[in-house]
Amino acid sequence: MNHSLVYLDHAATTPMLPAAIEAMTRQLTGVGNASSLHASGRGARRVVEESRETIAGVIGARPGDVVFTSGGTESDNLALKGIFWARRAEDPRRTRVLSTAIEHHAVLDPLHWLAASDGADVELLPVSPEGVLDLESLKDSVARDPESVALISVMWANNEVGSLQPIDEVVAIAAEHGIPVHTDAVQALGQVPVDFAASGVDALTFTGHKVGGPYGVGALVVRRDLAVSALVHGGGQERDIRSGTLDVPAIASLAAAVEESVKNQHEHAVRVAALRDDLVRRVVEVVPDAHLHGAPAGPGRLPGNAHLGFPGCEGDSLLMLLDARGIECSTGSACSAGVPQPSHVLLAMGCDADQARHSLRFSLGHTTTPGDIDALVEAIGPVVERARAAKAR
Amino acid sequence: MKVVAAMSGGVDSAVAAARAVQAGHEVTGVHLALSRNPASYRSGARGCCTIEDSNDARRAADVIGIPFYVWDLSDRFHEDVVEDFMDEYAAGRTPNPCLRCNEKIKFAAVLDRALALGFDAVATGHYAQLRTGADGLIEMHRATDHAKDQSYVLGVLDQQQLRHSLFPLGDTDKTAVRREAGSRGLLVADKPDSHDICFVADGDNAGWLREKLGDRAPNHGGDIVDATTGETVGSHTGTYGFTIGQRRGLHLGVPAADGKPRFVLDIEPVSGTVTVGPRERLAVDHVAGVRPRWCGTVPERVEGTVQMRAHGAEHRAVVIVSGDRVEIDLLDPAEGIAPGQAAVIYDGTRVVGSATIESTRPVEVDA
């Protein structure tokens with residue numbers, strides 16, 4: 001990475017770990033379709049299965065639970081559609097899907113699609129001003145008619161404001177009625193402790209490029225005994241719920257990244273949280289009315305997330321001015337057309353459209369240094385002043 | 001200078017941005033998101049509002065090697081351009097939304113924001129030329145390619161706006177711009193020119209207005225009356241579907257007494273009456289304008305020319321300015337002059353300023 005660049009957007013994607021690059025490049029030189037029966041095929045299959053075992057080992061799953069996919073969006077789609085279809089096929093009364101108003105679009109959009117095109121009754125439950133699911137509304141919603149709930153999906157940690165969700169309580173509420181729970185743990189893995197079996201969830205999404213692995217590979221960890229309908233039909237790979245030739249180099253690299261990031265999670269979290277706390281404290285010193293959105297720094301928040309509101313500014317202006325100074329962050333919500341919409345997460349937390357637009361997300365990661373924080377603190381004062389002048393017009 | 005290049009996704013603004021870089025400026029590409037719902041705006045041919053256009057602009061910025069952002073001006077655009085467009089048609093006038101967009105969005109909202117963010121100027125792909133006059137003021141002149149000249153739609157810019165504007169294409173003709181785009185490796189080199197109004201998806205103005213105006217429309221129908229006989233010769237479904245000088249789409253039930261084609265002479269939104277008549281009654285020799293905008297020093301009297309629609313003819317005229325009113329005597333009568341359009345006043349190739357046409361006086365017709 002360019003050394004003059006201050007990269008504070010690790011929640012978007014984080015640089016690959018050397019071990020992951022090494023694992024990937026090693027496999028790129030080989031040949032073998034993991035479904036072939038000859039020696040090369042067996043060799044490829046062995047890499048895939050060892051990778052599966054490595055991942056299962058560090059996240060508290062059985063190897064058979066791990067289904068490789070192309071990443072977080074596919075895993076979320078597979079979980080939501082696949083589990084909804086299978087559960088409704090078992091019992092046609094199961095038409096409800098309960099989720100939260102602050103999910104990633106990879107969850108929200110499949111749910112909207114299921115509602116619009118496939119008769120699902122989707123309920124997006126409210127969150128607190130700190131961005132945490134309101135458990136009472138979940139309880140009420142389940143209690144209203146537990147038999148009709150096909151699935152509950154609650155993210156492990158929010159991608160914009162970093163608030164951790166009460167997964168244990170969600171699982172407890174669901175378990176009373178045997179309702180399966182899916183969680184999108186894309187932002188959580190490697191940042192906070194994630195143990196599939198101990199959490200009690202039935203399905204869990206993660207992706208490679210957020211943990212120092214490559215793009216285009218991830219997994220849905222899903223209990224073997226839970227029926228999931230396939231989205232992609234073909235050669236029957238991955239328990240016949242996700243066909244397609246296995247991407248051996250990417251899977252090997254994913255395993256290396258997951259192993260290292262999970263093993264280093266605690267040390268990483270302590271180091272990054274200290275940098276994040278330093279960032280927040282010093283930015284607020286320079287810009288006194290800047291404030292942290294979401295849960296307070298601590299066990300309820302991702303260690304690398306600093307989502308700050310800058311009253312009187314447009315997030316877009318701040319981003320552009322920082323970018324011009326080589327400091328990269330996010331306004332929290334990207335859109336394929338590049339047209340910024342006020343964040344649905346902040347709106348759900350009770351911010352008005354103006355507040356939702358005046359925010360920036362700084363997300364720290366394994367390459368973040370104290371020098372990065374120094375550079376941001378030095379730049380932020382004049383940048384905010386400029387952006388305020390532009391907004392005032 | 002630090003320059004914002006407004007990039008629509010079309011060939012002109014892409015080449016303009018590239019030329020600004022070549023001239024040594026530090027350029028940032030900005031695509032203006034003007035629609036609240038991009039899919040509803042015209043795609044392909046029109047160079048402003050679609051996701052595809054945004055992507056074309058982004059790819060052009062990549063090729064040129066400049067940073068690129070999308071600025072969301074959809075609220076301002078809706079308020080200042082789209083709402084104004086509807087109000088004007090509802091009032092029986094014929095607005096020019098492109099002029100309005102230049103006045104209120106590109107060289108106001110965008111320019112203000114750019115200046116506040118530390119930029120010095122906004123560059124666009126408009127065909128017009130800027131020069132510094134003997135008095136030190138910036139003058140705007142017609143482009144050398146008269147067929148592409150866009151000084152008319154820029155006639156609303158004042159000195160302050162002109163000082164912070166760059167029109168890098170003003171001295172080049174369109175074919176040369178396309179050739180240059182090709183040689184610079186810009187994929188939009190062959191993209192069709194934009195036409196029509198960007199927020200009217202299918203070019204059906206009347207249909208769009210009918211849907212959007214709803215209860216705001218002064219009427220949804222009325223009589224079409226022949227000015228020569230006073231007879232009702234047809235009916236219509238809303239005065240907003242008409243513009244002065246229009247010939248097509250009148251659907252007259254009664255043939256004209258004199259057998260000549262009929263043109264719209266007058267639109268009366270309150271009574272809902274559209275008056276039609278023969279072509280000679282379209283001729284006007286005096287135009288009264290309001291809301292003047294001056295590029296430089298405010299003149300008292302101009303003996304020059306006036307252009308009263310985009311790509312319209314130039315008419316020799318004597319213009320008398322008194323405060324917020326502009327009286328224009330046309331030395332050659334003009335036809336089909338619609339209130340709401342801009343009268344842009346020229347001294348030779350130089351734009352002096354503009355006014356919004358409030359009313360016209362027909363040439364006396366011998367009884």
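## Strands and pairing

Helices (H or I, at least four residues) and strands (E, at least two) are DSSP runs, numbered from the N terminus, and two strands pair if DSSP finds at least two bridges between them. The model described here is predicted, so local features need pLDDT of at least 70 and side-chain atom pairs count only at pLDDT 80 or more, while totals for chains, interfaces and linings use all residues. Residues are numbered from 1 along each chain as its sequence is written, and chains are lettered from A and ligands numbered from 1 in the order in which they are written.

## A four-stranded sheet in chain B

Let us start with chain B, where four strands make an open sheet in the order E9-E8-E11-E10, with mixed pairing. Its edge strands are E9 (232-236) and E10 of chain B, each of which pairs on one side only. From one strand to the next, the twist averages 25°; axes are lines fitted to C-alpha atoms, for helices over the stretch in contact, and angles run from 0 to 180 degrees between N-to-C directions.

Now look at one end of that order. Strand E10(B), residues 263-268, runs antiparallel to strand E11(B), residues 273-277, and five bridges join them. Val264(B) has Val276(B) as its bridge partner in E11(B), and Asp266(B) has Thr275(B). The two strands E10(B) and E11(B) form a hairpin with four residues between them, and Gly272(B) in the turn has a positive phi of about 80°.

## Strand E17 and its partners

Further along chain B, strand E17 (residues 350-362) pairs with strand E12 (residues 284-294) in the antiparallel sense over eight bridges. Here Arg293(B) stands opposite Ser354(B) of E17(B).

E17(B) is also joined to strand E16 (residues 342-347) of chain B, by six bridges and again antiparallel. In this pair, Ala342(B) stands opposite Thr356(B). E16(B) and E17(B) form a hairpin with two residues between them, where Gly348(B) in the turn has a positive phi of about 65°.

## Two helices side by side in chain A

Moving to chain A, the axes of helix H2 (residues 39-59) and helix H8 (residues 248-263) come within 9 Å and cross at roughly 20°. H2(A) and H8(A) are therefore roughly parallel to each other (angles under 35 degrees count as roughly parallel, over 145 as roughly antiparallel, 65 to 115 as roughly perpendicular and the rest as oblique). The crossing is left-handed, meaning that the near helix is turned anticlockwise from the far one by less than a right angle.

Residues are in contact if their C-beta atoms, placed from the backbone, lie within 7 Å. Among those that meet are Ala44(A), Val47(A) and Ile55(A) in H2(A), and Ile251(A), Leu254(A) and Val258(A) in H8(A). By class, this contact has 13 nonpolar, two polar and two charged residues. Ala, Val, Leu, Ile, Met, Phe, Trp, Tyr, Cys and Pro count as nonpolar, Asp, Glu, Lys and Arg as charged, and the others, Gly among them, as polar.

Most residues other than glycine have a negative phi. Glu238(A), which is not a glycine, has a positive phi of about 50°, and Arg239(A) has a positive phi near 60°. Glu238(A) lies in the loop between strand E8 (218-222) and H8 of chain A, and Arg239(A) lies in the loop between E8 and H8 as well.

Glu238(A) is buried, with 21 other C-beta atoms within 10 Å, whereas Arg239(A), with 15 C-beta neighbours inside 10 Å, counts as partly exposed. A residue is buried if 20 or more other C-beta atoms lie within 10 Å of its own, exposed if 12 or fewer, and partly exposed in between.

Definitions and conventions
Two residues are in contact if their C-beta atoms, placed from the backbone, lie within 7 Å.
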